[in-house]
Amino acid sequence: MRISVIIPVHDAGKYLAEAVNSVIEQILPDEVCMEVLLIENGSEDDSANICDGFADENDFVHSFHIGRASAYEARQEGIKQATGDFLVFMDADDKMKKDFVSALCSYIKAFSEKGEIPDVILYNAAELSTPDKKMFSFPFFENKIYGPDEKQDFYRLMCSGDSLNAMWNKCLQKELGNSLVENDKKDRRLNHGEDLLQTAAIIDRAKGIAYLDRILYLYRINEEGLTGSYHPEFLDNQALAWQAFDEYACRWTKGEYAGIIKARKSLTCTIGMKKLIYSELGIAEIKRKMKAMMNSAFYAEFAKEKLPEWAPEEDVFVHGLQVAADSEKALIRSCRKHKIKSFIKARIRKNGI
């Protein structure tokens with residue numbers, strides 16, 4: 001059995017070595033081999049050299065440089081290049097638990113001995129700061145394959161929340177991965193919302209899904225990464241991802257979850273606005289970008305809808321500013337307060353007070 005670990009890499013030099021070492025240090029069961037595919041896409045830091053260094057020192061690590069490509073495209077390229085029987089995905093700032101590969105392979109072997117292997121194996125994860133605390137409470141049973149007629153719970157989870165979105169807690173059979181690439185639309189340059197879109201395609205196409213109730217993956221909350229800071233393409237990317245997701249949701253649930261999906265789109269708008277107004281950009285630049293965001297079709301349609309009941313407190317606060325009578329002034333006022341507080345905190349740290 002061969003396991004392919006696919007890691008898109010973009011400006012990940014700060015954490016990349018730690019991530020890759022957590023893979024290299026895996027203890028492989030008998031008759032199991034592994035390859036690591038580092039898909040470096042246009043980094044401006046030393047990520048490219050780090051990737052090449054790992055490939056030079058380890059014959060099972062392969063470094064690919066694909067130029068300025070998106071996270072979505074990097075993952076798709078990884079699937080194309082993979083030669084394993086099973087594919088797993090990892091972000092370049094996260095880590096694998098020490099028993100990741102051994103636990104996963106034992107689970108696959110147990111199904112194989114019964115004459116059936118799922119297309120997808122879902123597993124649990126934890127934040128790096130709390131490695132023994134499960135991130136997700138999935139309503140699935142172990143040692144069971146959910147077939148085509150038993151995927152309604154997966155559809156409902158995909159439509160009602162983001163607990164299934166991540167690509168980094170799923171193992172795919174290579175054949176399923178190939179079908180995702182073969183049916184891919186070539187114009188999807190997504191750095192945001194790509195997990196939603198790729199996971200929806202996986203759940204839609206999978207003939208059998210299994211769940212392993214183990215923490216195998218450690219997720220880093222990284223405010224400097226693609227998900228943590230302001231990026232001008234965020235909302236446009238998300239709009240494209242949601243547009244594609246709507247087709248899946250309509251087919252899966254016939255509009256049953258239209259309300260909560262609309263609320264999640266509103267939350268997406270709020271997250272985009274929050275990243276902007278609390279960014280390090282100057283006030284004048286924030287005002288300019290805010291007007292552009294407010295004039296976008298996606299924001300105009302969904303920003304003032306109700307948020308999901310589970311929306312984080314900070315997002316609820318920003319959403320309140322978005323729906324205020326003079327939302328632009330309210331948002332800029334909060335932006336100014338944030339900058340003042342950040343300035344004071346920086347001075348305190350500098351002076352050691």
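Lys 95 is partly exposed, with a relative accessible area of 24%; here buried means under 20% relative accessible area, exposed over 50% and partly exposed in between (1.4 Å probe, protein chains only). The structure is a predicted model, in which local features need pLDDT of at least 70 and side-chain atom pairs count only at pLDDT 80 or more, while totals for chains, interfaces and linings use all residues. Residues are numbered from 1 along each chain as its sequence is written, and side-chain values use heavy atoms, with hydrogens and water left out.

Lys 95 meets Glu 18 through their side chains in a salt bridge, at 3.7 Å from N to O. The term salt bridge stands for a side-chain nitrogen of Lys or Arg within 4 Å of a carboxyl oxygen of Asp or Glu. This pair links distant parts of the chain, with Glu 18 in helix α1 and Lys 95 in strand β5 (residues 95-96), 77 residues apart. Helices (H or I, at least four residues) and strands (E, at least two) are DSSP runs, numbered from the N terminus. Glu 18, at 35% relative accessibility, counts as partly exposed. The structure holds 18 salt bridges.

With Arg 288, the closest N and O atoms are 2.7 Å apart; with Lys 289, the closest N and O atoms are 3.5 Å apart. Glu 285 and Arg 288 both lie in helix α10 (residues 283-295), three residues apart, or about one turn of the helix. Glu 285 and Lys 289 are four residues apart in helix α10, so about one helical turn separates them. An α-helix has 3.6 residues a turn, so residues three or four places apart point the same way. Glu 285 counts as partly exposed, at 29% relative accessibility.

Turning to aromatic side chains, a search of the whole structure finds 17 aromatic pairs. Rings of Phe, Tyr and Trp (its six-membered ring) pair if their centres lie within 6.5 Å; planes under 30 degrees apart count as stacked, over 60 as edge-to-face and the rest as tilted. The rings of Phe 138 and Tyr 211 have centres 5.5 Å apart and planes at 80°, so this pair is edge-to-face. Distant parts of the chain are linked by this pair, since Phe 138 lies in the loop between β6 (120-127) and α5 (152-160) and Tyr 211 in strand β8 (residues 209-219), 73 residues apart. Phe 138 counts as buried at 10% relative accessibility, and Tyr 211 counts as buried at 2%. Another edge-to-face pair is formed by Phe 245 and Trp 252, with 5.9 Å centre to centre and 85° between the planes. Phe 245 is buried at 0% relative accessibility, and Trp 252 is buried with a relative accessible area of 7%.

Phe 138 and Tyr 211 belong to one aromatic cluster, together with Phe 136, Phe 140, Tyr 146, Phe 154, Trp 168, Tyr 217 and Tyr 219. Lys 144 lies over the face of Tyr 146, at 4.9 Å from the ring centre. The charged end of Lys 275 sits over the ring of Phe 234, 5.7 Å from its centre. A charge sits over a ring if NZ of Lys or CZ of Arg is within 6 Å of the ring centre and within 35 degrees of the ring normal.

Asp 11, in the loop between β1 (2-9) and α1 (16-24), has a phi near 50°, a positive value in a residue other than glycine. Lys 254, in the loop between α8 (234-253) and α9 (258-277), has a positive phi of about 55° although it is not a glycine. Asp 11 counts as partly exposed at 37% relative accessibility, whereas Lys 254 counts as exposed at 67%.
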